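Biologist: I'd like to go through this model with you, one question at a time. Could you bring it up on the screen?

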Amino acid sequence: MLIVLNYAGVVVFAATGALAASRKQLDLIGFLFFAAITGVGGGTLRDLILGQVPVFWVREPAYIVVCVVTAIVVFFTAHLIEWRYRLLIWLDAVGLAAYSVMGAALGLAASGSPTIAMVTGTLTATCGGVLRDLLAEEPSVLLRPEIYISAALAGAGAFTAAEAAGLPSYASSAAGFGVALALRGGAI
Amino acid sequence: MLIVLNYAGVVVFAATGALAASRKQLDLIGFLFFAAITGVGGGTLRDLILGQVPVFWVREPAYIVVCVVTAIVVFFTAHLIEWRYRLLIWLDAVGLAAYSVMGAALGLAASGSPTIAMVTGTLTATCGGVLRDLLAEEPSVLLRPEIYISAALAGAGAFTAAEAAGLPSYASSAAGFGVALALRGGAI
Amino acid sequence: MLIVLNYAGVVVFAATGALAASRKQLDLIGFLFFAAITGVGGGTLRDLILGQVPVFWVREPAYIVVCVVTAIVVFFTAHLIEWRYRLLIWLDAVGLAAYSVMGAALGLAASGSPTIAMVTGTLTATCGGVLRDLLAEEPSVLLRPEIYISAALAGAGAFTAAEAAGLPSYASSAAGFGVALALRGGAI
C-alpha cells in the first residue's frame, strides 16, 4: 500500500513538474528535469531529514525511470490539453494526499513520534510543489489563499491518529489520503 | 548554555517566520509552517552537512512544539502590533547571533576545523532567514545593503577564536553572541 | 583527475558566485558567501543525496579556502572587467562540464547504477548555478532558452557510457567534460 502511494505520488508530482515545464516552453530535457525535481523532491527532503540515505531513488532507480516516462508522455501530449493549469492543480492535490501519508508513515516508523510524523508528512507533501514553483518562477502554492499546507497537515494527522488508534495500515493510509484529498480538492 | 542558545534561536526565528506569514495574511497553518521552516531551517541544514542525522528536531520533537506555540502566540497577537516588520528584523538579529554561535560550536565539535566552524556558524545563522524570505517571496535579507552575513561570520569567528584561546564555553558563546548582535543591531 | 575536476569546478563556480555578488554590489563578505554557496552547492547536494556525510568540504576544508581566495581575487578585479556577465556565463559553462563528470563518477561509484550516475551528474552540475541565481534574485539559468540542463545531462551520459565501455577513467572524464563544454559553449 505504501509503495503504491509512493509511486502514485511520484507520477502525479512528476506530471505537474512536466506541465510547469510545458507552461515555460522548455525542451524535453527541461521536462525531464522539472518532472524529476517535483516527483522526488519531497521524498528526498524527507529521507535526508530522517537520515535514511542514500535517498530512496538512489536505492531504487525505478523511481527516476518513472519520472522520465511521465515527462515524455506529458511532452508529447501537453499541447493537446487546453486546461493544463487546472490539470496541474488537480494532480498536485492527488500527489499532496499520497505524500502526506507516505511522509507521516516513514516519519512515524523512523522516530516513533506522532509530532514528527505530522511534520514529515506535511513537508514531504508540500516540498515538491514548492520546489517546482520556486524553480519555475511561478507564484508559490504556499501563498495562495487556498487550503494547501492545511490539507497536507490534516492528511498526516488523520493517518497518525488512525495508526495510534490501532487501525490496520491500509485503513490508516486510506483515511489520511481521503482527508487530505477531500480538503484540498474542495478548496480548488 | 548551548541548549539555551538553540532554543532561543528557534523561538525568535519561529517568531520572524510567523510575522512573515502575518504580512502575507496566511491562515493559522501558514503561520505554523513558516514558523517551523524559519525556526529550524538553519539548524537542519547544519545537521545535514555535518552528517548528524536524524536532524536535531527529529531527535528532540520539543523544538517543533516550541515553533507551534510561538506561531500560535504570534497569530493571536500580531494584528495588535503596528511595527511588525521592525520587530521581525530585530528578532531576526537575535536569532542570527544565537545561531552563529550554535552553528560554529557544533561545526567545531564535529570537524575540529576552525574554518568549518565559521562556515557552519554563518550558514546556520543565515539560512533560516534566507528560506523565510525565499518562500514568502520577500526581498532577501542577503541582498539588503546592511551588515547581515558579516555579522553572522563575525559572531562565528569570535566564538571560534575564543575557543581557540582556551576560554570556557560560556564565555566563548557570550563573546560570539555579543559580537554578532552588536554588529547586526548597529546596522539595522 | 577527478580531484582536479572537483577543484576546477569549485574555482569557476565560486568565481561566478562572486561575479553575481559584484553585479549586486555586495560587500566582501557577500562575495565570500556567494562564492562558497555557488562553489560547493552542487557538490553538497550530491554528497547529501548519496549519503556521503559529512559533505566533502567538511572533510577537506581546503575547498572553502579555495572559495575564499577566489572571492577575494574577484572582489579586487571585478570592477576592471567590462564583460562581467559574459565571463560569468563562460565560467559557469566550464564548471557545469567539470561537475557533470564529477557528479556522475561519484554517483556511479556509490550506487553502481548508470541511471543514478546521470541524475547526480546533472544535479551536481546545475545546482550551484540554480542556487546562485535564486539567492541573487537573477533570472534562473534553468529557464533560459539555451542548452543548459541538456549539456549537463549529455556530459554525465558521455562519461557513464565511456565507463560502461571500459575506457580508462581519464578518458571517460575527458569525454564527458568535452561533450558538456562543447554543447553548452556552442549554445552561449
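**Between the chains**

Biologist: How many residue pairs are in polar contact across the interface of chain B and chain C?

Modeller: Keep in mind that this is a predicted model, and that side-chain atom pairs count only at pLDDT 80 or more. Both pairs found across the interface of chain B and chain C meet that level. The number of residue pairs in polar contact there is 2.

Biologist: Which element gives the most to the side of chain B that touches chain C?

Modeller: Start with the elements that each supply at least two residues to that side: α2 (28-50), α6 (114-135) and α7 (149-164) of chain B. One of them gives 8 residues, the most for that side, and that is α6(B).

Biologist: And by class, how many residues on the side of chain B that touches chain C are charged?

Modeller: Chain B puts 22 residues into the contact, and chain C puts in 22 as well. On the chain B side, 13 are nonpolar and 8 are polar. The charged count is 1.

Biologist: How many salt bridges does the rule find across the interface of chain B and chain C, then?

Modeller: A salt bridge needs a Lys or Arg side-chain nitrogen within 4 Å of a carboxyl oxygen of Asp or Glu. Chain B and chain C bury about 1,800 Å² between them, with 82% of it on carbon and sulfur atoms. Across that interface, the salt bridge count is 0.

Biologist: Moving to chain A and chain C, what area is buried between them?

Modeller: Here 22 residues of chain A are in contact with 22 residues of chain C. Carbon and sulfur atoms give 82% of the buried area, and the total is about 1,800 Å².

Biologist: Which residues in chain A lose the most area to chain C?

Modeller: Three residues together make up 28% of what the chain A side buries. They are A:Ile29, A:Phe33 and A:Trp57.

Biologist: How many residues on the side of chain A that touches chain C are nonpolar?

Modeller: Take the other classes out of the way: 2 are polar and 3 are charged. The nonpolar count is 17.

Biologist: Now the second largest pocket: how many charged residues are in its lining?

Modeller: That pocket holds about 300 Å³ of space. Its lining has 20 residues, and those nearest the centre are A:Leu134, A:Glu137, B:Leu134, C:Leu134 and C:Glu137. The elements giving two or more residues to the lining are α6 of chain A, α6 of chain B and α6 of chain C. By class, the lining has 8 nonpolar and 3 polar residues, and the charged count is 9.

Biologist: What about the backbone: is the peptide bond from A:Val53 to A:Pro54 cis or trans?

Modeller: A:Pro54 is in the loop between α2 (28-50) and α3 (56-59) of chain A. Omega for the bond is near -5°, and the bond is cis.

Biologist: Which loop of chain A holds A:Gln25, with its positive phi?

Modeller: A:Gln25 isn't a glycine, yet its phi is about 55°. Its place in chain A is the loop between α1 (2-23) and α2.

Definitions and conventions:
Residues are numbered from 1 along each chain as its sequence is written. Chains are lettered from A and ligands numbered from 1 in the order in which they are written. This is a predicted model: local features need pLDDT of at least 70, side-chain atom pairs count only at pLDDT 80 or more; totals for chains, interfaces and linings use all residues. Side-chain values use heavy atoms; hydrogens and water are left out. Contact means heavy atoms within 4.5 Å. Buried area is the accessible area (1.4 Å probe) that two parts lose on being put together, summed over both. A polar contact is a pair of N or O atoms within 3.5 Å; within protein, one must be able to donate a hydrogen and the other to accept it, and residues adjacent in sequence count only if both atoms are side-chain atoms. Helices (H or I, at least four residues) and strands (E, at least two) are DSSP runs, numbered from the N terminus. Ala, Val, Leu, Ile, Met, Phe, Trp, Tyr, Cys and Pro count as nonpolar, Asp, Glu, Lys and Arg as charged, and the others, Gly among them, as polar. On a 1 Å grid over the protein atoms alone, a cavity is a set of points where a 1.4 Å probe fits but cannot get out, and a pocket is an open set with protein on both sides within 12 Å along at least five of seven lines; lining residues have an atom within 4 Å of a point. Grid points are joined across faces, edges and corners, and a volume is the space filled by probe spheres set on the points.
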